[in-house]
Amino acid sequence: MRDFAILCRVQVLGLLNSLAPGSRRKARGGRAARIGAAVLGYILLAGICAVYLFLMGYGLASVGLAAAIPAFAVLAGALGGVGFAFAKTRGTLFGLTDFDHVMALPVPRRAVVASRLASLYLAAIVTSALLAAPLYVAYFMVVGVSVPSALCAAVAIVLAPAIPVSIAVFASFGLTALAARFRHANAAYIVLTLAFITALVIGIYGVSFSLPGKGDPAAMQIMTDFASAASQGVGALWPPAAWAAAAVSDGSLGALAAFVAVSLIVPALALEIIQHNYLTLNGLLVARSHASEGRRSPKEALGAAGRAHARSPFQTLVMKEFSTMVGVPAYAINCLFGYVFLIVIAIALSVVGLKDILLSGSVDGVDLSSQDVAAAFDHIMILVPWAFAFFATMSPTAACSVSMEGRGAWIMATLPASPRTILGSKLAANAFPTAATLILCSGILVVSGQIPPIAAAEIVVLGYGIFHLIACVALCLDARRPNLSWSSPNEVVKRGLPVMVSVFGGMALGLGGGVGMMLLSTAIGITAAHVVTLVVGVVAGILGQLVFQHTCRTTTFHL
């Protein structure tokens, strides 16, 4: 148990240190300040989510559906961490740079695997508390609270994600085992994951658009019937949710015992199966990576060498960046979903139409009549290019491209190429797909008749200009202080400072600029606002290029 606690402590410390990438050379105070700022940001987001869920639960209770809340709370807690666990299992268990050292420790293999999985379960429990606790608070405010019911709710929060997360972990483990025998496994994994995310987003907003507007008298009855039927369906399709709900609402000890027993047995079985096959699967993955070049036939090898010889150094480095994305699924999935969202938004606007979206009542805080939409539509259209600019910054592959070199950075430092060529290839690997996606989206919207040609030009010019500025600033930060000692790509892909600057900077410029330009259009007129939008895009692109040139002049790669 002591060994297991030490390994878990290492996992937690690694997570905390990853919030301050490159901080091993910094003072402890600076690292603590950055971690504290990140924690405050997460707390703020969690608070907003908790308030929203509480209001939703209180709304259900106010229409007489309080009895349905416990089942929904268990379902929310159960499913909240499933996607995270499925996506993170591969990076948590496999491909570790310290794998040999860890497995050489005098610690049982079961303890090593359990400590690795403990971080996934801990994240799922935190997510469960964030999603389920506000619903339980709303429930107890309406029906009253007792000590046994509160304790049952606490147990449900902790154990609700145990079974779904175990299933997700086991499924990811199984897919990884299949991938070890599949040459293009990484590409298939990336495509399937992005397809799942896309389907989830389309499903959520599809249901939202299908519901009646707020002013429709039938809306309340439809929502009531839907919530009641959904509550019964949850209990029928997922019996543990019905057991936990019965324990919370009725105080059933038998249901609580069944829920606890199943929630402990399933993770234990998953752990035993995974730890039994852990070394074998890691060996297959290592052998597949080492044999990737050996599988080429002599003809294929000669062809690849000829193509590489025909390319310029810049083209070769660009292709190397694309290969890195495909070779590291966490890198690709976290940095490519912005392209997917851009295309989904363009298709949704072309099919549904911006006017119908505004009139549907599906956008929170928007309750407009057809006359209101018609009167303000030209001003609302000013927001469209800025929305695309925001999502264009959500694929920041260049932001962490220097850090992604990792322990192989010495190769980059010894290349007979200038910093401009090296950094330019990293930027180009991000810029070409972004520009192509923006052009595709603007073409879809123009062909469908949803936007005029001037708005299509704004999407391309403003979207790429904002992207270029943010990407060059993030690349500058990453080139100046790269984190080359990471043990997992998630440290730089998810929690690196350049990526955070890209995400939050794009959010500030995209959303803030859109609102500001819409307000400015009321003062200077629609035509002038379109011209200003184009000018802002051009200026942002020029500023980004100046930042890139400064980065190339001042960057020196060290061994």
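**Figure 1. The lining of the largest cavity holds seven nonpolar, four polar and no charged residues.** The model shown is predicted. The largest cavity has a volume of about 40 Å³, and it is one of two cavities of 30 Å³ or more. Its lining is made up of Ala-392, Thr-393, Ser-395, Pro-396, Ala-399, Asn-430, Phe-467, Ile-470, Ala-471, Ala-474 and Ser-502. Helix α22, which runs over residues 453-480, supplies the largest share of this lining, with four residues.

**Figure 2. Overview of the chain as a setting for the close-up views.** The chain has 25 helices and zero strands. Of its 559 residues, 42% count as buried. Among contacts between residues at least 6 apart in sequence, 84% join residues at least 24 apart.

**Figure 3. Helix α25, residues 526-554, and its buried residues.** Helix α25 has 29 residues, and at 1.5 Å a residue these should span 42 Å. The buried residues of α25 are Ala-529, His-530, Thr-533, Gly-537, Ala-540, Gly-541, Gly-544, Phe-548, Thr-551 and Cys-552. An α-helix has 3.6 residues a turn, so residues three or four places apart point the same way. The elements that cover the buried residues of α25 include α19 (383-392), α21 (419-447), α22 and α24 (497-524). Helix α22 also contributes to the lining of the largest cavity.

**Figure 4. Cys-49, a partly exposed cysteine.** The relative accessibility of Cys-49 is 25%. Buried means under 20% and exposed means over 50%, so Cys-49 counts as partly exposed.

**Figure 5. Ser-149 in helix α7.** Helix α7 covers residues 147-159, and Ser-149 is placed within it. Ser-149 counts as buried because its relative accessibility is 8%, under the 20% cut-off. Leaving aside residues up to four places away in sequence, Ser-149 touches Phe-140 and Val-248.

How values were computed: Residues numbered from 1 in each chain as written. Predicted model: local features only at pLDDT ≥ 70, side-chain atom pairs only at ≥ 80, totals over all residues. Heavy atoms only, no water. 1 Å grid on protein atoms, 1.4 Å probe; cavity = no way out; pocket = protein on both sides within 12 Å on 5 of 7 lines; lining within 4 Å. Points joined across faces, edges and corners; volume = space filled by probe spheres on them. Helix = DSSP H or I, 4+ residues; strand = E, 2+ residues; numbered from the N terminus. Nonpolar A, V, L, I, M, F, W, Y, C, P; charged D, E, K, R; others polar. Buried < 20%, exposed > 50% of the residue type's maximum accessible area, 1.4 Å probe, protein only. Contact = heavy atoms within 4.5 Å. Expected span 1.5 Å × (residues − 1).
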